[in-house]
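Colleague: I would like to learn how to read a sheet and the helices packed on it. Could we work through an example?

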Amino acid sequence: MCAAPPTRRFVMLSSIRRIAGASAVAAALLFALPTSANAVENSDIARPAAVTQSAEAAVAADATPAPRFKTGDAGNLSDLPTVKADERAVRVPAWSYHITSSCSGREGAIRQGANYWGSATETASSGTPVSCVGGYVQGCGGGNVVGCNWGAGQRIELSTMVGDFALLAAHEFGHNWYGHSGTGCASWASQADVMRTTMCS
């Protein structure tokens with residue numbers, strides 16, 4: 001067997017060294033540069049306390065309490081019974097309502113409020129008329145109220161100022177049969193909570 005000529009051996013060794021050198025450089029770059037997982041982990045490093053405190057202060061300054069709106073009393077609520085806190089699903093007799101054009105775009109929320117009590121039928125023009133205003137409801141036992149039910153279902157007016165318009169609608173529809181259950185923020189937690197005096201969202 002003959003040995004390879006020296007120039008051929010030199011070319012082969014050179015090629016092997018180049019390949020080995022390129023592999024070493026590639027490996028070094030792979031370990032030196034952060035991968036995407038490391039980049040995510042590095043971004044989770046805690047910021048200095050001064051930065052964190054100033055950011056928390058800015059958020060606290062922007063956090064304004066939710067407005068609280070009282071619902072009205074047209075003078076007829078004292079004769080109505082209240083929903084007891086321990087009652088879960090009060091049944092009401094069949095009833096109807098219709099939504100006026102002043103509530104355009106809010107029909108879904110009004111239907112949700114009506115359906116909360118069940119037995120409701122939406123009509124084109126009969127039953128309790130429901131109208132909407134952009135500001136406070138006028139003539140409902142005081143100023144700055146956002147909802148009123150006159151005559152236990154003769155007429156309902158709702159203000160679009162509240163955040164949970166469906167809850168306001170459910171509250172006012174509830175006055176067809178019930179008075180206020182107590183002071184405090186209304187919520188969907190129970191029928192008694194729906195009938196509280198204040199809309200807090």
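Modeller: We take the sheet, then the helices. Keep in mind that this is a predicted model.

Colleague: In what order do the strands of the sheet lie?

Modeller: In general, strands of a sheet pair through backbone hydrogen bonds, in a parallel or an antiparallel sense. Here five strands make an open sheet with mixed pairing, and the order is β3-β2-β4-β6-β5. From one strand to the next, the twist averages 25°.

Colleague: In which sense do β2 and β3 pair?

Modeller: Strand β2, residues 95-99, pairs with β3 in the parallel sense, over three bridges. Opposite Ser 96 stands Thr 121 in β3.

Colleague: Which strands does helix α4 lie across?

Modeller: Helix α4 (residues 107-117) lies across β2, β3, β4 and β6, and runs at about 170° to β2. Helix α5 (residues 165-174) also packs on the sheet, where it touches β2, β4, β5 and β6. The direction of α5 makes about 155° with that of β6.

Colleague: At what angle do α4 and α5 pack?

Modeller: Two packed helices are described by the angle between their axes and the distance between those axes. For α4 and α5 the angle is about 45° and the axes are 7 Å apart, which makes α4 oblique to α5. The crossing is right-handed.

Colleague: Which residues of α4 and α5 meet?

Modeller: Among them are Ala 109, Ile 110 and Trp 117 in α4, and Phe 165, Ala 169 and Phe 173 in α5. By class, the contact has ten nonpolar, three polar and no charged residues.

Notes
Residues numbered from 1 in each chain as written. Predicted model: local features only at pLDDT ≥ 70, side-chain atom pairs only at ≥ 80, totals over all residues. Heavy atoms only, no water. Pairing = 2+ DSSP bridges. Helix = DSSP H or I, 4+ residues; strand = E, 2+ residues; numbered from the N terminus. Axes fitted to C-alpha atoms, helices over the stretch in contact; angles between N-to-C directions. Contact = heavy atoms within 4.5 Å. Parallel < 35°, antiparallel > 145°, perpendicular 65-115°, else oblique. Left-handed = near helix turned anticlockwise from the far one by under 90°. Nonpolar A, V, L, I, M, F, W, Y, C, P; charged D, E, K, R; others polar.
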